[in-house]
Each structure stands twice: as C-alpha cells, then as structure tokens.
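Student: Please take me through one part of this model at close range. Then set that part in its wider surroundings.

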Amino acid sequence: MTLITPADSPEDRIGAVRDTPVGEVDPRIDHSHGTESQWQLIRRRFAKHRLAVISLWILGLFVFVAVFAGFVAPNDPGNVKARYTYAPPQALHFIDRSDEGWSFRPHVYGYKVEIEPEALRRTFVIDEEKKIYLTFFKRSWDYKLFGLIPTDIHLLGPEKTRDPFYLFGADRLGRDMFSRLVYGTQISLSVGLVGVIMSLVLGVIIGGAAGYFGGWFDAVTQRAIEFLRSLPTIPLWMGLAAAMPSDWSPLQTYFAITLILSFLGWTELARVVRGRFLALNGEDYVAAARYDGCSHLRVIVRHMVPAFTSHIITAASLAVPAMILAETALSFLGLGLQAPVISWGVLLQEAQNIRTLATAPWLLLPGAAIVIAVLAMNFIGDGLRDAADPYAK
Amino acid sequence: MLSYLSRRLLTMILTLLALSVVVFIVIQLPPGDFVTSYIASLSASGESVDQDTIIALRERYKLDAPVLVQYWAWLSEILVGNFGYSFEMQRPVSEIFSQRIGISLAVELTAVVVMWAVSIPIGIYSAVNQYSVGDYVATILGFLGLAIPNFLFALVLMYICYNWFGVTITGLFSPEYMNARWSLDRFLDFASHVWAPILVISTAGAAQLVRVLRANLLDELNKPYVLTARAKGLSRRRMIWRYPVRVAMNPLVSTIGWVLPTVISSSFVTAIVLNLPTLSPILLRALLSQDMYLAGALIMFMGLLTLVGTLISDLLLAWIDPRIRLGMVGAN
C-alpha cells in the first residue's frame with residue numbers, strides 16, 4: 001500500500017507525518033482499524049454475541065439435516081411396519097464390548113416382545129442380547145438428493161436392512177420417528193423461510209412506498225396495519241385456512257398456507273421498512289441524490305436500501321420463528337398441512353390425546369425440535385439486532 | 001377527554017366495519033352458499049328438504065342478490081343480534097354463544113389478570129437486580145415461554161400431570177359438576193381445574209411483558225432524576241416505586257393492545273388441547289366442517305373482544321398520560 005490512510009487519532013497522524021518520509025507507511029500505525037467495511041463490522045459485532053454464534057451453528061445443523069434429509073434419514077419416513085407399533089427409542093452405542101475386547105462398532109439393541117399378563121398388551125423391551133450393528137454410508141431405500149439425483153446411500157443404517165432401527169422410537173404405524181422428524185424439518189423450515197420471503201416482498205413494497213411517498217398512501221397503509229395487528233391472528237388464520245378447498249393437492253395447500261401466514265405477517269416488516277425510510281428521507285445524501293436528478297427507483301435502490309439492509313435482515317430473521325410457530329399450530333389443529341405431508345405440526349398431531357402420550361411419550365420429540373429451532377432463531381435475531389447498526393456504541 | 005373518547009369510538013366502529021368485511025369474505029370463500037350447505041347437511045342426515053323453507057331462507061339472506069346486498073343483509077341481521085344459523089349443530093348461533101360465552105370470558109380475563117400480576121413484579125425485580133441469578137432465571141424462562149408453542153406446553157403439562165401425579169387436567173369441571181348449577185362446591189371444582197389453562201395461556205404473554213417492563217425500567221433507572229432522588233436521601237425501595245416504576249409502567253399499559261390478541265389466540269389453541277367447554281372448540285369444529293356462519297360469527301366476536309380491550313387500554317392510557325389525551329402523541 002502506498003497511500004497513507006488516516007489513522008485513529010490526530011496525534012498518530014501528526015506523528016506519522018513527522019517521522020516518516022512522504023510516500024512510505026509508518027509501520028507503527030495499525031491500518032486494520034477504520035478501514036473495515038460495514039459488513040465486516042457487523043460480522044465482528046455479531047461474533048461477540050456468544051449465544052447467537054452457538055445458535056447459528058445449531059441452525060446450520062438443522063439446515064444441513066433439511067437439505068440432506070434423505071441422506072440423514074435411516075428409514076423411509078412413510079414405510080409402515082405394523083410389527084413395530086410404538087416401539088420405544090433405541091440408544092445408540094459406539095463402543096462394542098465383546099469377548100475379544102473393545103472395538104469401535106456402532107450398534108443398537110434389538111427388541112423383545114413381552115405380553116403384559118393382565119392387560120394382555122404387547123410391550124417392547126430392549127433386548128441387550130440382540131445387537132444390531134450399524135454401518136456408515138449404508139445402501140438401502142431409494143430417494144432423490146435435492147429432489148434431483150437418484151441415490152440410495154444413507155449416513156447410517158443397520159447392516160441387515162430388515163433389522164429395526166428406531167433412534168427416536170416408532171409411531172402408531174411403526175414408522176421411524178427420527179426419519180419423519182428429519183423430513184418434517186425440511187417442510188417446517190421451508191414454510192418459515194418461504195413465508196418470510198413472501199411477507200418481505202409485501203412489507204418492503206408497501207412499507208417502502210408508504211415511507212418514501214408519505215401522504216394519503218402512508219395514512220391508508222398505517223390504518224390497515226393497525227387494523228391487521230389488532231386482530232387475534234390464530235382464529236383469523238384458521239378461518240382463511242378452513243376456507244381452502246379440501247381437494248387441493250399437498251403442494252397447493254403448502255403454498256396456500258404460506259400465503260395465508262405471510263398475508264398477515266407482513267405488517268411488522270412493513271412497519272420497520274417504513275420507519276427506516278422516514279428516518280432516511282431527511283438525510284442530506286438522499287436529498288443530494290434527488291437534486292442530482294436521480295429517479296425514485298435509483299434513489300431507493302442505490303442510496304437508501306444499502307443503508308438499512310441489515311435492519312431488514314434482522315426484522316426478517318425475527319419473523320421466521322413466528323411463522324414456524326404459526327404453521328405448527330395450524331397443522332396441529334388439522335387446518336394446516338395435511339397428513340401425507342410431514343411437518344413438525346403434522347407429527348405432533350399424532351400426540352394429541354393423553355392415552356397415546358402415556359404409551360409413547362417420544363411422539364413429543366418434534367416439539368423439542370420446534371423449541372430448539374425457535375430459540376436458536378430468536379437468539380440469532382437478537383445478535384443481528386445488536387449488530388445491525390455497528391456504528392452505534 | 002370527551003373529544004378523545006368520541007374519536008376513539010369512531011375509529012373502533014370503522015375497524016369493526018373493516019373486520020366485518022374480512023369475516024364476510026371468509027364466510028364467502030368456500031364453494032357454495034349457506035343454503036346449499038344447509039340442504040346438503042339435511043339430506044346427509046336423511047331429513048327431507050322443504051322447498052318453501054329453502055325459498056324463505058334464500059329470500060331472507062338475499063342469496064341471489066349481488067354480493068354487496070348480501071353483505072348488507074348479513075350485517076343488518078348481526079346488528080339486531082341474529083348471527084345466523086349453524087347448520088351443523090342445527091341451532092341458532094346466538095344460542096350456542098350464550099351457553100359458552102361466560103366460561104370463555106372468565107378464563108381469558110383471569111389469564112390476563114394472572115399474566116399482569118406475575119409479570120410486573122418479575123419485570124421490576126430483574127431490572128433492579130440486573131445480571132443477578134434471578135434476572136438470568138427470569139430471562140431464560142422468558143425465552144422458553146416465547147419459544148414453546150401453547151399447544152406443546154399444554155401437551156407436556158398434560159403428560160407430566162398424568163404420568164407423575166396421575167391427574168388428568170382436561171376439562172374445567174369434574175363430571176358430577178358438569179351440568180350442575182353454580183354453587184360453592186362447583187366453584188371450588190372449577191378452581192381446581194382452571195389453573196392449568198390459565199398457566200398455559202398466561203406464560204407466552206407474561207414472557208413478553210417481563211421483557212418490555214425490564215427494558216423500560218432499565219432505561220429509566222439510568223436517568224439523572226433517579227440519582228437526584230437517591231442523593232436527596234430517599235430510600236432505594238421508595239424511590240424505585242415512586243418514580244421509575246410509574247414511568248416504566250406507562251408503555252406497559254399500551255401493550256394491552258397486543259396482549260389481548262395474544263391471549264385470545266393462545267387461549268384458543270389451549271382450550272382445544274385441554275378440551276375446555278369454551279367457544280374455541282366450537283370454532284374449530286365449525287371451521288373443520290366449513291360451518292361458515294358459526295365460524296364467521298365467532299371470529300367476529302373474538303375481534304370485537306380484542307377491540308373493546310384495546311379501547312379500554314387506550315382510555316386508561318389517556319387517563320394516565322395527558323399528552324395522549326390532548327392528541328399530542330400517538331398511543332405507541
């Protein structure tokens with residue numbers, strides 16, 4: 001670097017000018033400060049929020065599971081095995097202790113069926129005699145990676161494909177809860193993401209126009225937002241969801257549900273965008289751009305949007321968990337996504353009555369997934385909110 | 001104050017009109033209309049369909065007229081207290097209403113009161129003792145309260161009570177008191193059941209209230225007047241209660257606006273999981289069977305409840321804060 005960049009304090013600068021010949025850089029000046037871009041500052045600030053960083057890793061794991069669902073799931077999520085109705089979860093063991101000593105061989109224990117003498121009910125007992133050895137990159141059932149590439153390789157699977165392998169137990173029809181949870185992650189996360197993208201489009205256009213042009217449009221949208229926010233959301237969502245024709249395909253329902261969620265979810269984003277526009281409208285550089293003869297579009301896209309992108313990202317990241325919770329509640333009540341589709345809410349529908357819960361408490365595990373995902377997203381949103389304006393103290 | 005009140009009432013009436021349009025759209029969305037659904041349900045149960053009744057009904061709700069006329073017919077019926085007829089339950093909607101409205105309101109109001117009674121002391125405590133163990137516990141519980149959906153909390157509570165204590169917490173009355181008259185015994189039975197839904201409904205809102213109050217109070221505690229009051233020899237406890245808490249409560253009153261929609265939404269889901277005899281299971285049934293007149297009336301009613309609550313909160317706020325009363329600042 002041949003240019004002298006201004007250092008932090010005036011004293012440093014004077015010192016640099018006095019001691020070094022023109023055109024050379026004083027090695028005593030730390031040039032890494034004050035030259036970082038806004039995004040570098042945001043990243044640095046975000047890294048200070050310990051909980052947010054951990055949450056980011058957790059969310060990354062969720063996203064990995066969602067993207068590579070077929071690879072992670074050991075069993076076909078729709079595969080019915082009536083023999084294993086409500087089979088309890090098997091613990092995963094890595095170290096195999098046999099007569100020959102210790103070795104690294106992941107395995108689970110098989111089941112023994114016992115019949116209760118009084119109730120004559122079949123119950124599963126973990127049988128420590130029967131070891132089911134597992135292999136990595138096991139070839140079993142066919143699926144399509146990313147919905148495109150046909151393959152049959154799975155991260156983990158029993159050596160003999162017919163052996164039971166239920167990490168999170170089995171449901172009413174003997175389907176593997178773990179694999180179903182993995183596939184549910186795919187749908188539930190994507191509902192949140194697609195819903196937020198849709199409400200982001202609505203919110204940015206409506207809120208942006210309201211904040212930029214003001215006047216009657218602003219007044220009307222403000223009233224509309226106040227109105228939508230004063231309504232109890234769940235009954236209204238349910239009303240709209242219930243009006244959906246019941247003969248729609250799963251894909252149509254999926255998009256209709258996301259549309260309903262974003263239709264009522266855009267208000268918060270619009271409010272944030274409008275607020276930022278109002279704040280920026282008074283800035284000198286925006287006025288300068290306008291006097292330079294820039295079109296409305298150019299003023300907005302080139303001069304205003306970069307100044308509050310981080311705020312929009314923050315608001316959007318806080319809206320995702322709300323969307324996921326809403327989808328879960330709707331599906332749980334039977335008004336959202338319907339059975340062949342697997343989402344966290346649809347899975348929890350199985351756990352609705354107390355008798356089922358008493359026999360198979362592991363059916364509540366999708367609930368744990370919801371809580372972890374929503375908590376992680378909230379923490380990330382918190383971290384982003386702190387980092388959104390890195391120039392504040 | 002009077003002009004403020006009339007302005008607020010006018011906004012509320014306009015909002016109600018807007019709500020009625022939305023509800024009417026929801027009613028109209030499913031294919032077919034009220035009478036075709038009515039005929040379908042009658043013939044499904046094997047009853048004959050009287051042609052004269054059909055014509056009379058079509059005439060009454062002006063089903064062959066343009067949409068605007070239909071809307072007006074529906075709205076004017078509602079204004080005189082006729083909410084339509086539930087073809088699924090074969091009874092007028094207003095009759096179903098009057099049976100369950102008392103319990104619904106009782107549960108929701110108690111939840112609101114509990115929520116405030118719990119969150120205000122916790123919020124003050126965690127702001128005054130910032131970064132103490134209690135503050136961290138409150139913060140963690142608050143985050144959990146926000147992240148756990150109501151129905152999941154209700155399910156887990158149901159499971160824990162059943163598995164560990166052998167108690168079923170569904171319903172609001174034991175079977176022997178289900179249809180009894182109100183008496184002290186029945187009330188005690190009600191009280192022994194109602195804690196579970198109240199606990200579930202109030203957590204989510206309480207978590208948010210604690211966060212709001214904590215943030216407000218922390219802002220206030222750093223202001224110079226607090227230091228002045230302390231310097232003048234006021235005891236810490238009296239100073240906190242007399243000045244910063246009162247200022248910090250102000251924005252909290254305006255949160256009633258969103259607290260009520262939250263409470264109504266969450267009581268809705270909770271009531272279904274815990275099988276409470278409130279309006280919510282009826283709304284779910286109505287929605288699942290596309291009994292849209294009943295559903296529409298219920299959504300309309302829940303909206304009305306929210307708006308009345310918001311109105312009360314605004315009036316309370318105007319009473320506390322003269323700046324709002326005189327229209328100098330908005331109620332946010």
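Tutor: A residue counts as buried if 20 or more other C-beta atoms lie within 10 Å of its own, and as exposed if 12 or fewer do. Keep in mind that the model is predicted. By that cut-off, buried residues make up 35% of the 332 residues in chain B.

Chain B holds 15 helices and two strands. Take helix α13 of chain B, residues 279-288. Seven of its ten residues are buried, so the helix is largely enclosed by the rest of the structure. An α-helix has 3.6 residues a turn, so residues three or four places apart point the same way. Just after α13(B), the backbone does something worth a look: B:Gln290 takes a positive phi of about 50 degrees.

Now the surroundings. In chain B, take the contacts between residues at least 6 apart in sequence: 71% of them join residues at least 24 apart. Chain B also meets chain A, with 41 residues of chain B in contact with 35 residues of chain A. On the chain A side, the elements that give two or more residues are α6 (215-229), α7 (233-242), α10 (296-332), α12 (354-359) and α13 (365-387) of chain A. The largest share, eight residues, comes from α7(A). By class, this side of chain A has 27 nonpolar, seven polar and one charged residue.

Chain A itself is divided into domain 1 (83-174) and domain 2 (180-388). Their C-alpha centres lie 38 Å apart. Each domain gives seven residues to the contact between them. The domain 1 side has four nonpolar, one polar and two charged residues.

Last, confidence. The mean pLDDT of chain A is 79, and 90% of its residues reach 70 or more. Over residues 1-11 of chain A the pLDDT is below 50, and the stretch has 13 contacts beyond near neighbours in sequence. Residues 13-17 of chain A also stay under 50, with six contacts beyond four places in sequence.

Terms used: Residues are numbered from 1 along each chain as its sequence is written. Chains are lettered from A and ligands numbered from 1 in the order in which they are written. This is a predicted model: local features need pLDDT of at least 70, side-chain atom pairs count only at pLDDT 80 or more; totals for chains, interfaces and linings use all residues. Domain bounds come from an automatic or database domain assignment. Two residues are in contact if their C-beta atoms, placed from the backbone, lie within 7 Å. Ala, Val, Leu, Ile, Met, Phe, Trp, Tyr, Cys and Pro count as nonpolar, Asp, Glu, Lys and Arg as charged, and the others, Gly among them, as polar. Helices (H or I, at least four residues) and strands (E, at least two) are DSSP runs, numbered from the N terminus. pLDDT is the predictor's confidence in each residue, from 0 to 100.
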